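The following exercises concern one protein model. Please work through each task before consulting its solution.

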Amino acid sequence: GAVSNGIAWTVAVIFAYLTNKPFVFKSHDWSAKVAVPELMKFVGTRIGSGVLETLILFVTVDMLRWNGNLWKLITSVLVVVLNYVGSKLLVFRKK
């Protein structure tokens with residue numbers, strides 16, 4: 001359960017970093033001086049959006065008993081947008 005989910009999340013975030021860096025944000029400097037801080041900020045933004053998603057779902061579905069499928073869809077769209085904006089403004093911003 002939780003362990004396999006944690007492994008899957010970690011692999012997904014690493015894959016997203018490796019593909020978003022060159023293809024989405026056109027960042028091609030793979031030196032440790034650039035890549036390590038980028039990766040740390042990338043993971044941080046993903047953790048933040050994951051916590052926000054969990055909080056929104058807890059309040060709307062668990063506490064308020066609103067439609068779980070609808071709120072999972074809404075939060076998924078929100079997380080995709082937040083991840084893109086976070087990556088654009090915090091992780092891969094042009095100097």
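**Exercise 1.** Against which element do the buried residues of α1 pack?

Solution. The model is a predicted one, in which local features need pLDDT of at least 70 and side-chain atom pairs count only at pLDDT 80 or more, while totals for chains, interfaces and linings use all residues. Residues are numbered from 1 along each chain as its sequence is written, and side-chain values use heavy atoms, with hydrogens and water left out.

Step 1. Identify the buried positions, where buried means under 20% relative accessible area, exposed over 50% and partly exposed in between, with a 1.4 Å probe and protein chains only. In α1 these are V13, A16, Y17, N20, K21 and P22.

Step 2. Find the partner by contact, that is, heavy atoms within 4.5 Å. The buried residues of α1 pack against α2.

Step 3. List both sides of the interface. W9, V13, A16, Y17, N20 and K21 of α1 meet V34, A35, E38, L39, F42, V43, R46 and I47 of α2. Leaving out residues up to four places away in sequence, V13 touches F42, V43 and R46.

**Exercise 2.** Determine the order of the secondary-structure elements and the overall dimensions of the chain.

Solution. Step 1. Helices (H or I, at least four residues) and strands (E, at least two) are DSSP runs numbered from the N terminus. The protein chain has three helices and zero strands, and its elements run α-α-α from the N terminus on.

Step 1. The C-alpha trace spans about 50 × 30 × 20 Å along its principal axes. Of the 95 residues, 25% count as buried.

Step 2. Among contacts with a separation of 6 or more, 56% are accounted for by residues 24 or more positions apart. N5 belongs to helix α1 and is exposed, its relative accessible area being 53%.

**Exercise 3.** Describe the geometry of the two helix pairs that involve α2.

Solution. Step 1. Axes are lines fitted to C-alpha atoms, for helices over the stretch in contact, and angles run from 0 to 180 degrees between N-to-C directions. The axes of α1 and α2 come within 10 Å and cross at roughly 125 degrees. For α2 and α3, the packing angle is about 155 degrees and the axes lie 9 Å apart.

Step 1. Angles under 35 degrees count as roughly parallel, over 145 as roughly antiparallel, 65 to 115 as roughly perpendicular and the rest as oblique. The α2 helix is therefore roughly antiparallel to α3, whereas α1 and α2 are oblique to each other.

Step 2. A crossing is left-handed if the near helix is turned anticlockwise from the far one by less than a right angle, and right-handed if clockwise. The crossing of α1 and α2 is right-handed, and α2 passes α3 in a right-handed crossing.

**Exercise 4.** Which residues make up the largest nonpolar core?

Solution. Step 1. A nonpolar core is a set of buried Ala, Val, Leu, Ile, Met, Phe, Trp, Tyr and Cys residues joined through side-chain atoms within 4.5 Å. In soluble globular proteins, nonpolar side chains tend to be buried together.

Step 1. Here the largest such core has eight residues: V13, A16, Y17, F25, A35, F42, V91 and F92. The elements giving two or more residues to this core are α1 (2-24) and α2 (32-63), and the largest share, three residues, comes from α1.
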